[in-house]
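Please keep the sequence and the 3D view at hand while reading.

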Amino acid sequence: MPTSHRIRIVDAFTDRPFAGNPAGVLLLDAFPDDTWLQHVAREVNHAETAFAHRLPEGGEADWALRWFTPATEVDLCGHATLATAHVLHTTGAATGPVRFATRGGVLTATAHEDGTLTLDFPTAPLTATEVPPGIAEALGAEPVAAYDTGRHIGDLLIELADEKTVRALTPDHKALVRHSERGIIATAGAEDPARGYDFVSRGFFPRVGIDEDPVTGSAHTALAPFWSERLGRTELTGLQASARTGLVRTELRGDRTLLTGRAVTVIEGELLA
């Protein structure tokens, strides 16, 4: 491996800098050892850092892709995949649809003429479950219902009464750790759909080193089927109501969910390690 690497910070699921969800992106010749990858992710200190390298032609995927939080590697990440696809297309490293080989299966990203990118992800299997004891106290709000999102997402989806309740959450992050494999997604229907979104959410992931994620693409593979069933439409727009905020357009296609958004490169430089 060379002693320096090109690194970019990309804000995903937004059309302007300093909004959406920032991700580190490094394009490599091959994956070095996991310890180095984790050190870099900890240094970058964003929700995820994506590492990708080109694969030989003729296989089921074009690029290998891995994602690390500051604390651990994860199975699926939407915003860092969007950020990686943005870097590949804006630098000319890829044209047309890009297939990524990941721990969550083969994922496809397609760039459009209007500047948006669409990710093709597996739909999360939702299973209704009992509201865990203590979750209301940890969140600071009484759940309406709870759903398991399957092993690749590993979140607990919590429906709350309304948008105001979701926006007002001030959870006890340490208490949330014991309630899911990865994190908690809190959601409610939009108070006024005329504002351009159909539902709101917030995502809390202290177990993997992220108290609150600004915009969680992978969570929308669970939010899309959840709200599509209730609203009677396969195409929806979700607002993740974090401090940075971000919009994710979703389209439910059975066992696949399309996630569409924009991305902006805000920093580009050399990693000297």
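## Cavity, pockets, cores and single residues

The residues of the lining of the largest cavity fall into six nonpolar, five polar and three charged. Here Ala, Val, Leu, Ile, Met, Phe, Trp, Tyr, Cys and Pro count as nonpolar, Asp, Glu, Lys and Arg as charged, and the others, Gly among them, as polar.

The model is predicted: local features need pLDDT of at least 70, side-chain atom pairs count only at pLDDT 80 or more, and totals for chains, interfaces and linings use all residues. Residues are numbered from 1 along each chain as its sequence is written, and side-chain values use heavy atoms, with hydrogens and water left out.

**Empty space**

Rolling a probe the size of a water molecule over the atoms shows where empty space is left. On a 1 Å grid over the protein atoms alone, a cavity is a set of points where a 1.4 Å probe fits but cannot get out, while a pocket is an open set with protein on both sides within 12 Å along at least five of seven lines; lining residues have an atom within 4 Å of a point. Grid points are joined across faces, edges and corners, and a volume is the space filled by probe spheres set on the points.

One cavity of 30 Å³ or more is present in the structure. The largest cavity has a volume of about 80 Å³. It is lined by 14 residues, of which Glu48, Arg182, Asp213, Thr216 and Ser218 are the closest to its centre. Helix α2 (78-90) and strand β14 (210-213) each supply at least two residues of this lining. Helices (H or I, at least four residues) and strands (E, at least two) are DSSP runs, numbered from the N terminus.

In the largest pocket, the lining has 14 residues, and Phe13, Thr14, Asp15, Leu247 and Arg262 are the closest to the centre. Both β16 (246-253) and β17 (256-261) supply at least two residues of the lining, and β16 gives the most, with four residues. The lining of the second largest pocket includes Thr72, Glu73, Arg103, His152 and Arg182.

**Nonpolar cores**

A nonpolar core is a set of buried Ala, Val, Leu, Ile, Met, Phe, Trp, Tyr and Cys residues joined through side-chain atoms within 4.5 Å. Buried means under 20% relative accessible area, exposed over 50%, and partly exposed in between (1.4 Å probe, protein chains only). The largest core has 34 residues, and Trp67, Leu82 and Phe100 have the most contacts inside it. Among the elements that give two or more residues to this core are β1 (5-12), β2 (21-28) and α2. The largest share, six residues, comes from α2. Apart from this core lies another, of 20 residues, including Leu169, Tyr197, Val200 and Leu239.

**Single residues and a helix**

Leaving out residues up to four places away in sequence, Ala186 touches Ile158, Leu160, Val166, Leu169, Val200, Ser201, Arg202 and Phe204, where contact means heavy atoms within 4.5 Å.

Arg66 lies in strand β4. At 16% relative accessibility, Arg66 also counts as buried. A polar contact is a pair of N or O atoms within 3.5 Å; within protein, one must be able to donate a hydrogen and the other to accept it, and residues adjacent in sequence count only if both atoms are side-chain atoms. The side chain of Arg66 makes such a contact with the side chain of Asp34 at 3.0 Å, and another of 2.8 Å joins the side chains of Arg66 and Glu73.

Thr149 sits in the loop between β10 (145-148) and β11 (155-159). Thr149 is buried, with a relative accessible area of 1%. A polar atom of its side chain lies 2.9 Å from the backbone oxygen of Asp155. Ala222 is one of the residues that Thr149 touches.

Ala222 is also one of the buried residues of α6. Helix α6 (residues 220-231) is largely enclosed by the rest of the structure, because nine of its twelve residues are buried. Just after α6, Gly232 takes a positive phi of about 75°.
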